[in-house]
Amino acid sequence: PNLEVSFESPFTKTMRQRPLVDLSARGLAFSGASDDGLIVGMLLPSVTVSLPSGTVHARGVVRNVRPSGSTVLVGIEFVSMPEASAKVLEAFVDSNL
C-alpha cells in the first residue's frame, strides 16, 4: 500500500504529508522536501502514520537527512508512543516482513 507520514514542520508549524519509504518498530524513513526544514537531532513532537489496521502516533527524532535525487530521504527514530500505537505498529511490521 502507498503509505504516508504526517508531521508538523518545526519552523512553519504547518502539517506536512510525505510518502513513507520504510517503516520498522524503531522508526521510519520518508521522501521529504528540502523546504521541510528538518535537521539531524531535531525533535518532532507529532509524527503520524496511517496504516490499514489503525493510526500510529509518536514522537520522533530526525536521525538522518540526505539528498536523494530531487528530494531528501529523512530517517526518524521513534522516541515515544502510546501503547495502542505501539501495538498497531508491531502488528503491521510483523505481518509485512
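This report walks through the fold, the core and a few individual residues of the structure above.

## Before you start

What you're looking at is a predicted model, where local features need pLDDT of at least 70 and side-chain atom pairs count only at pLDDT 80 or more, while totals for chains, interfaces and linings use all residues. Residues are numbered from 1 along each chain as its sequence is written, and side-chain values use heavy atoms, with hydrogens and water left out.

The element names come from DSSP runs numbered from the N terminus: helices are H or I runs of at least four residues, and strands are E runs of at least two.

## The barrel

Let's begin with the overall fold. Six strands close into a barrel, in the order β1-β2-β3-β6-β5-β4, and the pairing is antiparallel. (Two strands pair if DSSP finds at least two bridges between them.) On average, neighbouring strands of this sheet are turned by 45 degrees against each other, direction ignored. As background, strands of a sheet pair through backbone hydrogen bonds, either parallel or antiparallel.

The helix α1 packs on the sheet, where it touches β2, β4, β5 and β6. Its direction makes about 65 degrees with that of β5; such angles run from 0 to 180 degrees between N-to-C directions, and the axes are lines fitted to C-alpha atoms, for helices over the stretch in contact.

## Strand by strand

Now for some of the pairings. β1 and β2 are antiparallel and share five bridges, with S6 standing opposite Q17 in β2. The hairpin of these two strands has six residues between them, and K13 there takes a positive phi near 60 degrees. On β4, β1 has an antiparallel partner joined by three bridges: V5 stands opposite V49, and F7 has V47 as its bridge partner.

β4 also pairs with β5, in the antiparallel sense over seven bridges. A hairpin of two residues joins β4 to β5, and L51 stands opposite G54 in β5. Next, nine bridges join β5 to β6, again antiparallel, and here V62 stands opposite I76 in β6.

## The nonpolar core

A nonpolar core is a set of buried Ala, Val, Leu, Ile, Met, Phe, Trp, Tyr and Cys residues joined through side-chain atoms within 4.5 Å. The largest one here has 24 residues, and L23, L28, F30, L38 and L51 have the most contacts inside it. The elements giving two or more residues to this core are β1 (4-8), β2 (15-23), β3 (27-32), β4 (43-51), β5 (54-68), β6 (71-80) and α1.

Take L51 as an example. Leaving aside neighbours within four places in sequence, L51 is in contact (heavy atoms within 4.5 Å) with L3, L23, V56, V88, L89 and F92.

## An aromatic pair

Searching the whole structure turns up one aromatic pair. The ring centres of F7 and F30 are 5.2 Å apart and the planes are at 35 degrees, so the pair is tilted. (Rings of Phe, Tyr and Trp, using its six-membered ring, pair if their centres lie within 6.5 Å; planes under 30 degrees apart count as stacked, over 60 as edge-to-face and the rest as tilted.) Because F7 lies in strand β1 and F30 in strand β3, the pair ties together parts that are 23 residues apart in sequence.

Both F7 and F30 are buried. Buried means under 20% relative accessible area, exposed means over 50%, and partly exposed is in between (1.4 Å probe, protein chains only).

D36 sits in the loop between β3 and β4 and counts as buried, at 1% relative accessibility. A polar contact of 2.7 Å joins its side chain to that of R16. (A polar contact is a pair of N or O atoms within 3.5 Å; within protein, one must be able to donate a hydrogen and the other to accept it, and residues adjacent in sequence count only if both atoms are side-chain atoms.) Beyond its neighbours within four places in sequence, D36 is in contact with F7, S9, P10, R16, R18 and F30.

E77, in strand β6, is partly exposed with a relative accessible area of 26%. The side chains of E77 and R63 make a polar contact of 2.6 Å. Finally, N96 is in the segment after α1 (83-95) and is partly exposed at 44% relative accessibility. A polar atom of the N96 side chain lies 2.7 Å from the backbone oxygen of F92.
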